[in-house]
Amino acid sequence: MLLIITYSRAARQTLRNVCTTHETCVVRRFGRAALLESTELGAFLALRLYEKHGADVQLERTEPLNEFRDVPETIRSAASAYEKRDKSSTPYEKFSMGTEHPSPDAMRNAEL
């Protein structure tokens, strides 16, 4: 998908117009940002916005997260166990102490 983020009022208005005019190309709108389908039309609309507004428009290409391909089993099991914890007020750092689950610091410094 193509992520478009706008940083000016004029760029936001143009993005709104683009999204309204080309609804079938829009995956999701977030106010000042939108996700467009990764098609030639989506790229055309994104580049058109950039040509019109320059640095007031940021374009990024996103890729869906496949948790089974991209995330280690230890992280998936830690997330699952944490959501099933007894007390919802327990912070993750305390929850992970003394368990096989990774600490927040270990996860913070590890790239996927």
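Arginine 85 is located in the loop that runs between helix H4 (73-83) and helix H5 (92-96). The model described here is predicted. Two backbone oxygens are found close to the side chain of arginine 85, both within the 3.5 Å limit for a polar contact. The backbone oxygen of serine 88 lies 2.8 Å from a polar atom of this side chain, and the backbone oxygen of threonine 90 lies 3.5 Å from a polar atom of the side chain of arginine 85. When neighbours within four places in sequence are set aside, the contacts of arginine 85 are with Thr90 and Phe95.

The buried residues in H2 are Gly42, Leu45, Ala46, Leu49 and His53. Because these residues cover an arc of only 95° around the axis, they fall on the same side of H2. Glu40, Phe44 and Glu51, on the other side of H2, are exposed.

The packing partners of the buried residues of H2 are both strands and a helix: strand S1 (2-6), strand S3 (33-36) and strand S4 (57-61), together with helix H1 (9-21). Just after H2, glycine 54 adopts a positive phi of about 55°.

Key:
Residues are numbered from 1 along each chain as its sequence is written. This is a predicted model: local features need pLDDT of at least 70, side-chain atom pairs count only at pLDDT 80 or more; totals for chains, interfaces and linings use all residues. Side-chain values use heavy atoms; hydrogens and water are left out. Helices (H or I, at least four residues) and strands (E, at least two) are DSSP runs, numbered from the N terminus. A polar contact is a pair of N or O atoms within 3.5 Å; within protein, one must be able to donate a hydrogen and the other to accept it, and residues adjacent in sequence count only if both atoms are side-chain atoms. Contact means heavy atoms within 4.5 Å. Buried means under 20% relative accessible area, exposed over 50%, partly exposed in between (1.4 Å probe, protein chains only). The arc is that of the directions from the helix axis to the C-beta atoms.
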